[in-house]
Amino acid sequence: MKKTLFFLLVLNVPAAALSAEQMALLNDEELSDVSARQGIALNFEMLINATLNASGEVVPDNCPTAALVASGTPDCRFALQFNGIDDAWLVVKEYYGVFKLNEVHVDGVRTQDSASGYCDAACQERFGVGFDPDDRPAIQLSYDHSDPGSNTAFYNDAEIFLNAGKVAAEFNQSDPSGNIIVPGYLRNETPGAAIGLRMADGVNGSGGPAQLRFDGNMMMYGY
């Protein structure tokens, strides 16, 4: 049963304090002049079958042990099936990774108020006649490198690590009538592997995530 709760807030404020002048709404131009002492900084972390230890090394986690895999339990994996090939899968096995964004600054800004390159001819065609990208409210994403300095080697804006131990083609196990008994993405019938992948770098070498630096700003705006 749904219930609706009503809250009544009563404020005892002198009528003189609610004059039309004092309660006037701010327009876009006035709002654009408002500045704050602090903005918003976001940290984003995505761990895929992995954790980071105290030294910053990537450690596989939540995946079957080698003994379980040997007894038939599938390892951590994902698979792709292509249109028109119903019984075959491209299986990425022993798959784990890390992706992090560190201290992404989020601010409310306005686009440049004079002619700019924010929207070229192709952009204008997509948005239609009359669209003007100049002097519009926007959300800006950026990184602050003022502390280390613009010319200092600083690579901690983002971190990425990806491991794929084996990439192989696997096929469904089906009965004579075509019913699938074991789907290909759970099988280990293909010996060896076509390819393997590890994306890593940084202070921990092949055991830690690659570190990246981003310069410049990205703005998101609409109309």
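Leaving aside its neighbours within four places in sequence, with which residues is Lys-93 in contact? To follow the answer, please bear in mind that this is a predicted model.

**First stop: Lys-93.** Select Lys-93, which is found in strand 5, residues 88-110. Then display its contacts beyond four places in sequence: Asp-75, Cys-76, Arg-77, Ala-164, Gly-165, Lys-166, Glu-170, Arg-187 and Asn-188. Is Lys-93 buried or exposed? Its relative accessible area is 4%, below the 20% limit, and therefore Lys-93 counts as buried.

**Second stop: the disulfide.** A search of the whole structure finds one disulfide. Cys-63 lies in the loop between strand 3 (58-60) and helix 2 (66-70), while Cys-76 lies in the loop between helix 2 and strand 4 (77-80), so the pair ties together parts that are 13 residues apart in sequence. The torsion about the S-S bond is about -115 degrees, so the disulfide is left-handed. Cys-76 is buried, at 10% relative accessible area, whereas Cys-63 is partly exposed, at 27%.

Now select Ala-50, Val-58, Tyr-96, Val-98 and Phe-161, the five residues of the largest nonpolar core. In soluble globular proteins, nonpolar side chains tend to be buried together. Finally, centre the view on Val-58: beyond four places in sequence, Val-58 touches several residues, including Thr-51, Leu-52, Gly-207, Gly-208 and Pro-209.

Note on methods: Residues numbered from 1 in each chain as written. Predicted model: local features only at pLDDT ≥ 70, side-chain atom pairs only at ≥ 80, totals over all residues. Heavy atoms only, no water. Helix = DSSP H or I, 4+ residues; strand = E, 2+ residues; numbered from the N terminus. Buried < 20%, exposed > 50% of the residue type's maximum accessible area, 1.4 Å probe, protein only. Contact = heavy atoms within 4.5 Å. Core = buried A, V, L, I, M, F, W, Y, C linked by side-chain atoms within 4.5 Å. Disulfide = S-S within 2.5 Å.
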